[in-house]
Amino acid sequence: ALPRFAITGFDQGYYILKGISQYGRSFSGAPGLVGYKPIQTPLRFHRTNNMGGYQNDAHVIVNFGRDGKVQTVEF
């Protein structure tokens with residue numbers, strides 16, 4: 001699957017597992033249900049269609065400067 005889940009795997013896995021532990025089989029994955037602040041990648045889910053689930057459409061750009069500074073831009 002693209003993008004590779006190794007990049008966002010921890011945040012998505014934690015969000016899903018926490019949601020299942022709180023809501024059980026009724027967990028839909030909808031935004032804001034779990035109240036989790038992501039560590040690696042922002043989670044901004046939108047519904048793909050009426051028959052499917054949710055997809056994360058957030059992106060992060062990481063800039064490693066020549067002076068040793070690291071900047072991130074989320075959109």
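Trainee: Why does V70 count as exposed?

Mentor: In this predicted model, V70 has a relative accessibility of 53%. Exposed means over 50%, so V70 counts as exposed.

Trainee: Which strand gives the most to the nonpolar patch?

Mentor: Strand β3, residues 60–64, gives the most, with 3 residues.

Trainee: Which residues do the ring pairs link into a cluster?

Mentor: The cluster consists of Y15, Y23 and F27.

Trainee: Are Y23 and F27 buried, exposed or partly exposed, and how do you know that?

Mentor: F27 has a relative accessibility of 15%. Buried means under 20%, and therefore F27 counts as buried. Y23 has a relative accessible area of 35%. That value lies between the 20% and 50% limits, so Y23 is partly exposed.

Trainee: Which residues make up the largest nonpolar core, and what makes such a set a core?

Mentor: The largest nonpolar core has 6 residues in all: Y15, F27, V34, Y36, L43 and F45. Such a set is called a core because its members are buried and joined through side-chain atoms within 4.5 Å. As background, nonpolar side chains tend to be buried together in soluble globular proteins.

Trainee: With which residues is F45 in contact, leaving aside its neighbours within four places in sequence?

Mentor: With that exclusion, F45 is in contact with Y15, G29, P31, Y54, Q55 and N56.

Trainee: Why does P31 count as partly exposed, and where is its place?

Mentor: The relative accessibility of P31 is 45%. Buried requires under 20% and exposed over 50%, so P31 counts as partly exposed. P31 has its place in the loop between α1 and β1. Beyond four places in sequence, P31 is in contact with Y15, F45 and Y54. P31 and L43 are 12 residues apart in sequence, with 8.3 Å from C-alpha to C-alpha.

Trainee: Where is the place of S28, and why is S28 called partly exposed?

Mentor: S28 lies in the loop between α1 (5–23) and β1 (45–47). Its relative accessible area is 45%; the value falls between the limits of 20% and 50%, so S28 is partly exposed.

Trainee: How far apart are S28 and Y54 in sequence and in space, and with which residues is S28 in contact?

Mentor: S28 and Y54 are 26 residues apart in sequence and 8.7 Å apart in space, C-alpha to C-alpha. Leaving aside its neighbours within four places in sequence, S28 is in contact with L33 and Y54.

Trainee: What pattern does the protein follow along the sequence, and how many of each element are there?

Mentor: The pattern is α-β-β-β-β, which comes to 1 helix and 4 strands. Of the 75 residues in the protein, 21% are buried.

How values were computed. Residues numbered from 1 in each chain as written. Predicted model: local features only at pLDDT ≥ 70, side-chain atom pairs only at ≥ 80, totals over all residues. Heavy atoms only, no water. Buried < 20%, exposed > 50% of the residue type's maximum accessible area, 1.4 Å probe, protein only. Phe/Tyr/Trp six-rings, centres within 6.5 Å; stacked < 30°, edge-to-face > 60°. Contact = heavy atoms within 4.5 Å. Helix = DSSP H or I, 4+ residues; strand = E, 2+ residues; numbered from the N terminus.
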